[in-house]
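Welcome! Please take a look at the sequence and the 3D picture below, and then we will walk through them together.

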Amino acid sequence: SVREMMDKMRILLQELDTAATETTDKEEKEKAEEMHRGFKDQLTACQRQFRAANLNQMNQLERLSHKELMSGADLRQRTKAGGNREALVSQHSNITNNLKSISRQLASTVERSSLTVSSLEGSSK
C-alpha cells in the first residue's frame, strides 16, 4: 500500500541520514545530506498530495450525500425511483476508482524514490 511504501521511504531516508552522519569524507557527507534533504522534500510533497486528494474526494462524497439527503424528495420516492440511488452508487464508485488511481500514482512515485535512495545509500558507503 502507499502508506507502507511511505514508511519504507522514511526508513531509507533515516539510513541515508545515518550514512551521511557517519561518513568521514566531507564532500560525500555534504552530497548525502543534500540528497537526504531533496528526498525528504519529495516524500513530504507526496504525503501532502495524497492527503489533499483524500480530503477532496471525501468532501465530494459528503457534498453528494448531503445534496441527495436535502433534495426535498421523501425517502419512499428515492427508494422507489432507484435511479437516483444507482446514480449515487455510480458516482461513489467513480470517486473510489479515482482515489485508487491517485494511490497507484503516489505508490509509483514513492517506489521510484525508494529505489533511488537505496541506490544512493549503497553508493555512499
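## A starting point

In which helix is the place of Ser113? Ser113 sits in helix α4. Here helices (H or I, at least four residues) and strands (E, at least two) are DSSP runs, numbered from the N terminus.

Before we go on, a word on the model: it is predicted, local features need pLDDT of at least 70, side-chain atom pairs count only at pLDDT 80 or more, and totals for chains, interfaces and linings use all residues. Residues are numbered from 1 along each chain as its sequence is written, and side-chain values use heavy atoms, with hydrogens and water left out.

## The overall fold

The chain has four helices and zero strands, which gives the pattern α-α-α-α along the sequence. Of the 125 residues in the chain, 27% are buried; buried means under 20% relative accessible area, exposed over 50%, and partly exposed in between (1.4 Å probe, protein chains only).

A contact means heavy atoms within 4.5 Å. Among contacts in the chain with a separation of 6 or more, 80% join residues 24 or more positions apart.

The buried residues of α1 are Val2, Met6, Met9, Leu12, Leu13, Leu16, Ala19 and Ala20. They cover an arc of only 130° around the axis, so they lie on the same side of α1; the arc is that of the directions from the helix axis to the C-beta atoms. An α-helix has 3.6 residues a turn, so residues three or four places apart point the same way. On the other side of α1, Arg3, Glu4, Ile11, Thr21 and Glu22 are exposed.

## The nonpolar core

A nonpolar core is a set of buried Ala, Val, Leu, Ile, Met, Phe, Trp, Tyr and Cys residues joined through side-chain atoms within 4.5 Å. The largest one has 18 residues, and those with the most contacts inside it are Val2, Met6, Met9, Leu13, Phe39 and Val117. Helices α1 (2-22), α2 (26-69) and α4 (83-124) each supply at least two of its residues, with the largest share, seven residues, coming from α1.

## Phe39 and Ser113

Not counting residues up to four places away in sequence, Phe39 touches Met9, Leu13, Ser113, Thr116, Val117 and Leu120. Ser113 is buried, with a relative accessible area of 4%. Leaving aside neighbours within four places in sequence, Ser113 is in contact with Met9, Phe39 and Gln42.
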